[in-house]
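The model is shown first.

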Amino acid sequence: MAETKKISPSTLKKSFFHWFFWNGCSQQAESMLGMAFGQAMAPVIDDLYDTKEEKAKALKRHITLFNTEAQVGSICNGIVCGLEEANANGNCTPEVIESVKVALIGPTSAIGDSLWVATIIPILLTICLSISQGSTSTSWLGALIYMIVYPLGTCALSWWLFKLGYKSGLEGMQSMMASGKLDALTDAMTVLGLIVVGALTASFVNCSIPFQIVKDVYDGTTGEIIPDTVIFNMDNMLNAIFPKILPLALTLLIYWLYAKKKWSPLKLMGLILILALALTGLGYFSGFYA
Amino acid sequence: MEMYQVILIALFIYLGSIGSIVGNTIGWYTLGRPLVAAFVVGLIMNDVQAAMIVGIPLQIMYMGNVTPGGAVAWDLSYATYIGTAGALAFSQGMDATGLIGLAVVFAGIGGLVGQLMWNVSYALNLPLNRIAHKYAEEGNTKKMWVPNLLFGQLIGFACRFIPAIIVLTSMSVASGQADFATLIPGWVTTALSTFGGMMAALGMGILLSFLWKKQYQIVIFLAGFIMVTYFGLSTMAVAVVGVIAAVLYYVVVSEKESA
């Protein structure tokens, strides 16, 4: 009888690194990351199948449409490697492999995009920004820390997920997702993310209405006329109600337009440009900047 | 800018773009981030401090620009490398706000070029599927890297490096022509710095849309906000408070579930 086929550890590593480095090389609308997936699967297929016909069949099912958030999505590669191994030993069918691949696209993209790309990266960037901002003479420090921490951390996570996918397959991923741990973790990261975004909004968003009324004021007690006294300053008044209320309002407006009204970032940039020009115009018109 | 600086920056624009040879983790998500890009440009142009002055606000503005794939809103790599390099090239006699304003404008130009080139490479990659199918049909596992890595990279490199060289060279030539600081009227600088300050809201607004899922969560955002406005904490301090809150939240939620 034929011996059981197994993917060698070095081949697994090779497959992972092909994916990790070159998943985005040939992205396009027809198969998205399909060709990259095919390249990553090629060494595995070479290991598992003997005849040209078998290899051709296996390759063809891995250059079809595939898409995910590639860093967290390496778990898909792991799972598919496991399934191909089972298939080579007669314990799985090509149809199962294909349907599993399609089924993985949705959840892995969602987790990758929302947890990793939209939460971890901004949080890490924010922390590094704060480090950079702390001192002007070492403002490069945050950038350097990010350059070291992010790629190494992501590579480790990606490899861990790849191995997890290979070893425990679809069940492993399902049990991880069903345990509720992932949801709790996502929610906890969201708490951190939101607090930090709040702080960043307060520190970095600048917006003010450059309008004030300046008059010569007659001081009744001394009988003097004090020239050029600010008797009304729009910004001071607004900030007395709630500090930095305008930056907050602007940020929430942008959020609302982007999330609820589906404005594109380009359109939003245009809006901000128009608002900025209008405010500058007001500032000059009212004599604020002169 | 010297020619070697132009070439080096153009090379990094390519490396920091989606699907470069070093991979998206090291490329797009690391070298392509404005914070890192500014540091790299600063090293190349020998003025790290000035580069970081524009890098930090650019990073805030583009904080929300994170997702690759079909929904690339803005080509970050182009935007920030060209933004920072442009600001440094024209920096003669500019103060910090002027620098940031310049960077925002150049980043806008760079982003538009980058967006165009992304669409071009996205279209040019399509025929590669035919090559992949041909090799797959033959069962040629040894050649599967050819369409993805070899041709994908050739197209990617051509689409990033060459336009970047053109944009950077023309900027470099233009910056030598006149003393721009004296030519730009005061109201332009004022408008630019107003624009720069308001653009940060774009990054924050988009980021908020990723994070803010349940309505009550807005108070968490506001908590971070008032810690800066009322309590005067630095963002780093707020981040530490945030980590503590997140850990507590996680413990409470997972204990409630196991109970």
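The entries below cover conventions, the interface, a helix pair and one tryptophan.

I worked from a predicted model, in which local features need pLDDT of at least 70, side-chain atom pairs count only at pLDDT 80 or more, and totals for chains, interfaces and linings use all residues. Residues are numbered from 1 along each chain as its sequence is written, and chains are lettered from A and ligands numbered from 1 in the order in which they are written.

Entry 1, interface. I looked up the contact between the chains and found 105 residues from chain A and 94 residues from chain B; two residues are in contact if their C-beta atoms, placed from the backbone, lie within 7 Å. On the side of chain A that touches chain B, α7(A) supplies the largest share, 21 residues. Helices here are DSSP runs (H or I, at least four residues), numbered from the N terminus.

I noted that the axes of α6 (residues 96-124) and α10 (residues 186-211) of chain B come within 8 Å and cross at roughly 70 degrees. α6(B) is therefore roughly perpendicular to α10(B) (65 to 115 degrees). Among the contact residues are Gly98(B) and Val105(B) of α6(B), and Phe195(B) and Met199(B) of α10(B).

I located Trp212(B) in the loop between α10 and α11 (218-229) of chain B. Trp212(B) counts as partly exposed because it has 19 C-beta neighbours inside 10 Å; buried requires 20 or more, exposed 12 or fewer, and partly exposed lies in between. Not counting residues up to four places away in sequence, Trp212(B) touches Leu194(A), Gln217(B), Ile218(B) and Phe221(B).

Definitions and conventions: Axes fitted to C-alpha atoms, helices over the stretch in contact; angles between N-to-C directions. Helix = DSSP H or I, 4+ residues; strand = E, 2+ residues; numbered from the N terminus. Parallel < 35°, antiparallel > 145°, perpendicular 65-115°, else oblique.
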